[in-house]
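Subject: Structure handover

Hello,

Here is the structure for you to look over. My notes on it follow below.

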Amino acid sequence: MSPIYWIVIFIVLLVIEIATLGLTTIWFAAGALVAFLAGILGAGIVVQIALFLVVSVVLLVLTRPIALKYFNNRRQSTNVESMIGRQGVVLEEIDTIKSQGLVEVDGETWSARTDEPEGRIPKDTVVSVEGIQGVKLIVKKKEEL
C-alpha cells in the first residue's frame, strides 16, 4: 500500500471531522497520519495497518473522555430541562387518573400531573417541578415551611 493512500484517508477523515465537529474521526485521522509517516520511512503494510489501529484506539481511549469534558461544557439546557426545580401554581386541579391539570410556571401554562398515588393537587396550590414526561410536567405539592 502506497503511503499516498494514508494521506488520502487522513484528509478524508479530517474533512469529516471539520464537517461534523463531533469529535468522531480525529483519532483515526491521527492514526492515518502515523501510518503515512511509517510508510514514508519504509515500513511494510502490516506495520502501517497495525500502527493505524493501535494509535487510533489508544488516542480514542485516552483522550476522548477528556476532550468531551472540555468541548461539551457549553451545552445549553433546553427550555423543558430548565423547568426542573422551578415553582409554579396550579391553574386547574391536577387529577392524574383523569389526565387533567394545568400549571403556570414563569408565566407559561403547562399540562401537569403528579407521581403521588392519589394523583390530585387542588387549584391555587404552589408546586415544584420534579421532572418531565412527554409534554407534561411532573409536579409535587410544595412543602410548607
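S111 has K136 as its bridge partner in β6. β3 and β6 run parallel and are joined by four bridges. Strands here are DSSP E runs of at least two residues, helices are H or I runs of at least four, and both are numbered from the N terminus. Two strands count as paired if DSSP finds at least two bridges between them.

This is a predicted model: local features need pLDDT of at least 70, side-chain atom pairs count only at pLDDT 80 or more, and totals for chains, interfaces and linings use all residues. Residues are numbered from 1 along each chain as its sequence is written, and side-chain values use heavy atoms, with hydrogens and water left out.

**Overall**

The protein has three helices and six strands. Along the sequence the pattern reads α-α-α-β-β-β-β-β-β. There are 145 residues, and 30% of them count as buried. Buried means under 20% relative accessible area, exposed means over 50%, and partly exposed lies in between (1.4 Å probe, protein chains only). The protein exposes about 9600 Å². Carbon and sulfur atoms supply 64% of that area. Areas come from the Shrake-Rupley method with a 1.4 Å probe; for residues, only the protein chains shown count as cover. Take the contacts between residues at least 6 apart in sequence: 49% join residues at least 24 apart. A contact means heavy atoms within 4.5 Å.

**The strands around β2**

β2 pairs with β1 in the antiparallel sense, over four bridges. V90 has V103 as its bridge partner in β2. The two strands form a hairpin with four residues between them. S99 sits in that turn, with a positive phi of about 55°.

β2 also pairs with β3, again antiparallel and over four bridges. V103 has W110 as its bridge partner in β3. V105 stands opposite E108 in β3.

In a regular strand the side chains alternate between the two faces of the sheet. In β2, the covered face holds G101, V103 and V105. The uncovered face holds Q100, L102 and E104.

**Cores**

Which residues make up the largest nonpolar core? There are 12: M83, V90, I94, V103, V105, W110, A112, I121, V127, V129, L137 and V139. The elements that give two or more residues to this core are β1 (87-95), β2 (100-105), β3 (108-114), β5 (126-133) and β6 (136-141). Apart from it lies another core, of nine residues, among them I7, L13, F36 and F52. A nonpolar core is a set of buried Ala, Val, Leu, Ile, Met, Phe, Trp, Tyr and Cys residues joined through side-chain atoms within 4.5 Å.

V103 is worth a look. Leaving out residues up to four places away in sequence, V103 touches G88, V89, V90, L91, I94, E108, T109, W110, A112, V127 and V139.

**Positive phi**

Most residues other than glycine have a negative phi. D106 has a positive one, near 55°. D106 lies in the loop between β2 and β3, a hairpin with two residues between the strands. At 54% relative accessibility, D106 is exposed.

D124 also has a positive phi, near 70°. D124 lies in the loop between β4 (120-121) and β5. Its relative accessible area is 57%, so D124 counts as exposed.

**Helices**

A search of the whole structure finds one aromatic pair. W6 and F52 form it: tilted, 5.2 Å centre to centre, with 35° between the planes. Rings of Phe, Tyr and Trp (its six-membered ring) pair if their centres lie within 6.5 Å; planes under 30 degrees apart count as stacked, over 60 as edge-to-face and the rest as tilted. W6 lies in α1 (residues 3-20) and F52 in α3 (residues 45-71), so the pair ties together parts that are 46 residues apart in sequence. W6 is buried at 4% relative accessible area, and F52 is buried at 15%.

Helix α2 (residues 26-40) has 15 residues and should span 21 Å at 1.5 Å a residue. The expected span is 1.5 Å times one less than the number of residues. The end C-alpha atoms of α2 are 21 Å apart, which agrees. Buried residues in α2 are W27, A29, G31, A32, A35, F36, A38 and G39. Just after α2, G42 takes a positive phi of about 95°.

Best wishes
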